[in-house]
Amino acid sequence: MKVLLLKDPKDKDSGPDPYVKELGLYGFEATLIPVLSFEFISLESLFEKLSHPECYGGLVFTSPRALEAIKICLKENSKNEAWSKSLKQRWNTKPAYVVGKATASLVEEVGLTPQGEKSGNAEKLAEYICSREKPNSSALLFPCGALKREVLPTALREKGVLLESLTVYQTAQHADLQDSLSSYFSQQGIPASIVFFSPSGVRFCLQHIEKLSGEFISRIKFSAIGPATAEAMEAAGVPVSCTARSPTPQDLAAGLQEALSLQSC
């Protein structure tokens, strides 16, 4: 069975994409189509804040892109040297909260120790953070995207946990998205399932998918990587056949197997 994954592939240097690999173990033929492109901004401001760990109680990451922003900063020799010599160790005395495994692995790549990776979504991460942070302590630094949801900031604010957000990337539609979708449908036909990986993906892809699928759209089981994406799908009138229990290849594969065999999830 063919499954279309609306996400960027993992870096080629790190081997096959884990979602394609895991779905293959279940007998699915998965194809990736990149949906989003990212512009990184405010990187000087980001490193200035990272240079003063004494001003913050810790870090919060809800997106791999926030870590990419840090990695871009560290490509500059002087910044990398400062990070390696002292900043990394000083930040490691404070928590680095993360929403999932993908973000956790990138936190480890820059030399920090992630916490909360089993949360899986912003709501659960907020609960995790609030159970560990005292009200009105030093603010947590939150590098984020321009389209961040307000679930986590609102939940922390209600508990008196201070959060300092800094927008470090902007999201746009991938330049090749429409052509990639057209090529897929003309060459592969109608997939058994299409998986959305973000609310932005729903917004950018749905119109093209409806046009390319035509009267056959009812055959497709639409799936979501998490609750925020599922909410965006439902708001757009897309029936959600499956929502992964957590944003991992294993949970998505298991959910798809159930949805496609039982026609419900």
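**Close-up views of a predicted model**

View 1. Leaving aside neighbours within four places in sequence, Ser223 is in contact with Ser193, Ile194, Val195, Phe196, Met233, Cys242 and Leu256. Ser223 itself belongs to strand β10, which covers residues 221-224. One of the contacting residues, Ser193, has its side chain joined to that of Ser223 by a polar contact of 3.3 Å. Is Ser223 buried or exposed? With a relative accessible area of 0%, Ser223 is buried, because the term applies to any residue under 20%.

**View 2. Ala254 in helix α11.** The helix shown here runs over residues 249-262, and Ala254 is part of it. The relative accessible area of Ala254 is 32%. Ala254 is therefore described as partly exposed, since that class lies between the limits of 20% for buried and 50% for exposed.

**View 3. The contact region between domain 1 and domain 2.** Ten residues of domain 1 are in contact with eight residues of domain 2. Together the two domains bury about 670 Å² between them, and 56% of this area is on carbon and sulfur atoms.

**View 4. Salt bridges and a polar contact between the domains.** Two salt bridges are counted between domain 1 and domain 2. Asp8 and Arg65 form a salt bridge in which the closest N and O atoms are 2.9 Å apart. The count of residue pairs in polar contact between domain 1 and domain 2 is one, with both residues at pLDDT 80 or more. On the side of domain 1 that touches domain 2, the elements giving two or more residues are α9 (199-213) and α10 (227-235). Which kinds of residue make up this side of domain 1? The residues there divide into five nonpolar, two polar and three charged.

Terms used. Residues numbered from 1 in each chain as written. Predicted model: local features only at pLDDT ≥ 70, side-chain atom pairs only at ≥ 80, totals over all residues. Heavy atoms only, no water. Contact = heavy atoms within 4.5 Å. Buried area = accessible area lost by both parts, 1.4 Å probe. Salt bridge = Lys/Arg side-chain N within 4 Å of Asp/Glu carboxyl O. Polar contact = N/O pair within 3.5 Å; in protein donor to acceptor, adjacent residues only side chain to side chain. Helix = DSSP H or I, 4+ residues; strand = E, 2+ residues; numbered from the N terminus. Nonpolar A, V, L, I, M, F, W, Y, C, P; charged D, E, K, R; others polar. Buried < 20%, exposed > 50% of the residue type's maximum accessible area, 1.4 Å probe, protein only.
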